[in-house]
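Let's take a walk through part of this structure together. Have the 3D view ready and follow along.

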Amino acid sequence: MIITAIAILGGLALIFGLVLGYAAVRFKVESNPIVDQIDAILPQQQCGKCGFPGCRPYAEAIASGEADINQCPPGGETSMLALADLLDRDPQPLDPEHAEEKPVMLAVIDEQNCIGCTLCIQACPVDAILGTAKHMHTVIASECTGCELCLAPCPVDCISMEPIPSTTSTWKWPYPVYRLNTAPARATAEAEMESAA
Amino acid sequence: MMNLWKFNGGVKLSGHKALSNTQPIIKAELPKYLILPLLQHIGVPAEAVVNVGDKVLKGQVVARCQSDNCDLFASSPIHASSSGTVVAIEDRLVPHPSGLHAPCIVIETDGQDTWADKTPLAHYQELPPAEVRQHIARAGIVGLGGAGFPSHMKLRPEGIDTLILNGAECEPYITCDDRLMRERPDEIVSGAEILMYVLGGAKRCLIAVEDNKPEAFEALQAAVARRSRIGCDHCRMEVVQVPTRYPTGGERQLIQVLTGKEIGRSDLPARFGIVMHNVETTKAIYRAVVHGEPLISRTVTVTGGGVSEPRNLEAPLGMPMYSLLEQCGKTDAIKRLVMGGPMMGFALPSDELPIVKTTNCLIAYRDNEISLKPEPMPCIRCGACADACPVNLLPQQLYWYAKSRDFKQVQSHHIFECIDCACCAYVCPSHIPLVDYFRFAKAEIRAADRDKQKADHARQRHELRQQRIEREKAEKAARHQQKRSAPEDQETADRKKAEIAAAVARTQAKKAQAANNTPENQAEQ
């Protein structure tokens, strides 16, 4: 009697084990490695402000737990929050050690002063600078990520970062702002302002 | 009588159309300067082909399609609206909700209004449809109902069986299509025939007019009745009266009313064999094909309490708005100037902006016409917005998510189906500016998509650069390696051996000579 029960249960276990084993092989999901997912969130300026030589090395460091998620100033709070969401870590303010969050700018070469030394071309991580030795260099605006890596190597300081002007095609509708419907509260706030002044 | 369907929601609005629809359309006086923005349509801007100082004639191309290929990108050329001299190509204030500057061509008119050579297609029926379509593209025609989508993009013959002409004009105050349908019904019907031909033999044309425009309806019906034959033998054209309800004039809404087909934002009506064009666009296409006149003017409604003679005018494109307002009795009482209708239009920062291809209406409000916006109160979840939404969205949910910047949720609630019609904000008892939130959310999502694309592009370039550097390094190393350890072939080895042997022989010979000479020299000395 006991032997029959053991045989039946053992048989079932064997069958299910085989089915599951086969399913694990047959329906194997090639999951997206976590490094790729982190890299997809990072802004790809390749600026190195995080302390790693590029976005991918930083992504690898985050994945292995070497680096925190708050070291990317170009990505700012948005990418920090996305990383926290992805990795299930607690959101935290950006680390001030790694420069501040600021809008993306565009590198512009003062072509009058450029001496054609090619140092900036070698520094540019995305090949956005065009030129050759002893000839004037220029930045391809559409390819520039605003990483600022070309600023330091320039021996004549002829590269500057300029804000990207908003055009009718890049302009965004602003967040709706209106006064709250709190007349008495406003009166008290004004009174407070006056007393403070 | 055709069987009509209904779309969900929508609102009944008071028309305010009688203000401006009693006067016939007049030609606006030519202004001293014309300001022509390079982007007057949806798509990429046109490329200027004139220089400062050039003399231009009326109807001459001043900016061509990007790369001179109107099909490559959604692009449309721009023509001089009158003859004169190009005095500047520079950034000017343009009519856009942002109030930003954009590149414009400025022409000082000479008052002669001299036409350039017109190139009409006399017998368009004898030409292939694709050629007529190119002609329409070169005439710079875009959707004149207000959206400004290049018309030739909607004229590909992709199995279209139904052409719909949109004469609904559902927004209050606007009457330009109304007047045009009353005064130029024959041109509209002829334009419709051209469109049916270009679309590769559309069999059916429906002209939809809201039932608050009976005169326009009758005029069009009479124009259709005057034709003995519409386009082809089996073609038919029908003028349909649709119930007045905002936003019936929306493309998808009108299609739903006429055919019962509900088409989502991600689908094109062309996939369902339907194409829609505005009535004024149709008239412009007629003028372009039959008379060879490119799009250089449009009908503009100037209305509101701020002008003493509200009416419709045929204004040259690029005409400054103040000039147009002056011709309608501009008063000092104007408190706000709105381009477009009161529901979907936007306030302008100044009246020095030009009339562009999408300017269908200018509303000059007096102060007593603007009800001070009541301050928004909290959402009470009454659901009135959802009842009013013509595309069956949940504006109250979208509002919460947009307000808290939860863009993932906003998108999963189909914000991109929203047509900005403002019905939800209109019915909201708490006066919440819902559309402002939706526009904000849409703009943020689009900007994030743009950033993502840019980041992907940068990643690709960075990776390619890394690969190139690696490759160059490897190549260099390989070259060094080869130099150091490459086994020499037999020929070079032999040659080298021979050279060495020769060199040794030479030295030995020299040595021997030296040995022979030395004793003699010594002896001589």
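In this predicted model, strand β9 of chain B (residues 162-167) runs parallel to β12(B), and five bridges join the two. To find one spot where they meet, look for B:Leu163: its bridge partner in β12(B) is B:Val275.

Now zoom out a bit. These strands belong to an open sheet of four, in the order β11-β10-β9-β12 of chain B, with parallel pairing. Which strands sit at the edges? They are β11 (236-242) and β12 (274-278) of chain B, each of which pairs on one side only. Going from one strand to the next, the sheet twists by 25° on average.

Next, the helices that pack on this sheet. Helix α3(B) touches β9, β10 (204-210), β11 and β12 of chain B, and its direction makes about 150° with that of β9(B). Helix α5 of chain B (residues 251-259) packs on the sheet too, touching β9, β10, β11 and β12 of chain B; its direction is at about 120° to that of β12(B).

Helix α3 of chain B (residues 185-198) also has a helix partner: α4 of chain B (residues 214-226). Their axes lie 9 Å apart, at an angle of about 60°, which makes α3(B) oblique to α4(B). The crossing of the pair is right-handed. So who's doing the touching? From α3(B) come B:Pro185, B:Asp186, B:Ile188 and B:Val189, while α4(B) brings B:Ala219, B:Leu220, B:Ala222, B:Ala223 and B:Val224. Sorted by class, this contact of α3(B) with α4(B) has eight nonpolar residues, one charged and no polar ones.

Note on methods
Residues numbered from 1 in each chain as written. Chains lettered and ligands numbered in written order. Predicted model: local features only at pLDDT ≥ 70, side-chain atom pairs only at ≥ 80, totals over all residues. Axes fitted to C-alpha atoms, helices over the stretch in contact; angles between N-to-C directions. Parallel < 35°, antiparallel > 145°, perpendicular 65-115°, else oblique. Left-handed = near helix turned anticlockwise from the far one by under 90°. Contact = placed C-beta atoms within 7 Å. Nonpolar A, V, L, I, M, F, W, Y, C, P; charged D, E, K, R; others polar. Pairing = 2+ DSSP bridges.
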